[in-house]
Amino acid sequence: QVQLVESGGGLVQAGGSLRLSCAASGRTFRPNAMGWFRQAPGQEHEFVGGISWGGGTTSYADSGKGRFTISRDSAKNTLYLQMNSLKPEDTAVYYCAATYGIGWSPHGMAYWGKGTLVTVSA
């Protein structure tokens, strides 16, 4: 019933910026938190950052700290990821996810988008 759709991925040069969006559908969509994960080829899902839906408290992995910013528009059921100073190692498929629980384990996410590819060239 709940669907998450990411957009905004693409090809950028190192040092560039992208803003990803995740639009959620569902009349009663009220997660505890939403976040972003990424998956590089041959690797597990890696937590990037998240935000509590009610209070707006953010959490970031060290990999993106200082470069990435999480925000949300609760009225529009939309999650954003602003990525600045991109590096080639940021190349991955980026997924948005939502949880009714606490914590950022991928296994705890109730809903996932299909992902959007971000490629950062050297």
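Is Arg38 buried or exposed, and at what relative accessibility? Arg38 counts as buried because its relative accessibility is 6%. Buried here means under 20% relative accessible area, exposed means over 50%, and partly exposed is in between (1.4 Å probe, protein chains only).

A word on the basis of these notes. This is a predicted model, where local features need pLDDT of at least 70 and side-chain atom pairs count only at pLDDT 80 or more, while totals for chains, interfaces and linings use all residues. Residues are numbered from 1 along each chain as its sequence is written, and side-chain values use heavy atoms, with hydrogens and water left out.

1. Start with the charged pairs. Side chains of opposite charge can pair when their charged atoms come close. The structure has four salt bridges, a salt bridge being a side-chain nitrogen of Lys or Arg within 4 Å of a carboxyl oxygen of Asp or Glu.

2. Arg38 has Glu46 as a salt-bridge partner, with 2.9 Å between the closest N and O atoms. Glu46 is partly exposed because its relative accessible area is 30%, whereas Arg38 is buried.

3. Next, look at Arg67 and Asp90, whose salt bridge has its closest N and O atoms 2.8 Å apart. This pair joins distant parts of the chain: Arg67 lies in the loop between β6 (58–60) and β7, Asp90 in the loop between β8 and β9 (92–99), and they are 23 residues apart. Strands are DSSP runs (E, at least two residues), numbered from the N terminus. Both Arg67 and Asp90 are buried.

4. These two pairs belong together: a network of salt bridges links Arg38, Glu46, Arg67 and Asp90.

5. Asp62 and Lys65 also form a salt bridge, at 3.1 Å from N to O. Here both residues are exposed.

6. Now for the backbone. Most residues other than glycine have a negative phi. Asn77 has a positive one, near 50 degrees, and is not a glycine. You'll find Asn77 in the loop between β7 (68–73) and β8 (78–83). Asn77 counts as buried because its relative accessibility is 16%. Apart from neighbours within four places in sequence, its contacts (heavy atoms within 4.5 Å) are Cys22, Ala23, Ala24, Gly26, Phe29 and Trp53.

7. Ser85 is worth a look too: its phi is positive, about 50 degrees, though Ser85 is not a glycine. Ser85 sits in the loop between β8 and β9. With a relative accessibility of 43%, Ser85 counts as partly exposed.

Conventions
Helices (H or I, at least four residues) and strands (E, at least two) are DSSP runs, numbered from the N terminus.
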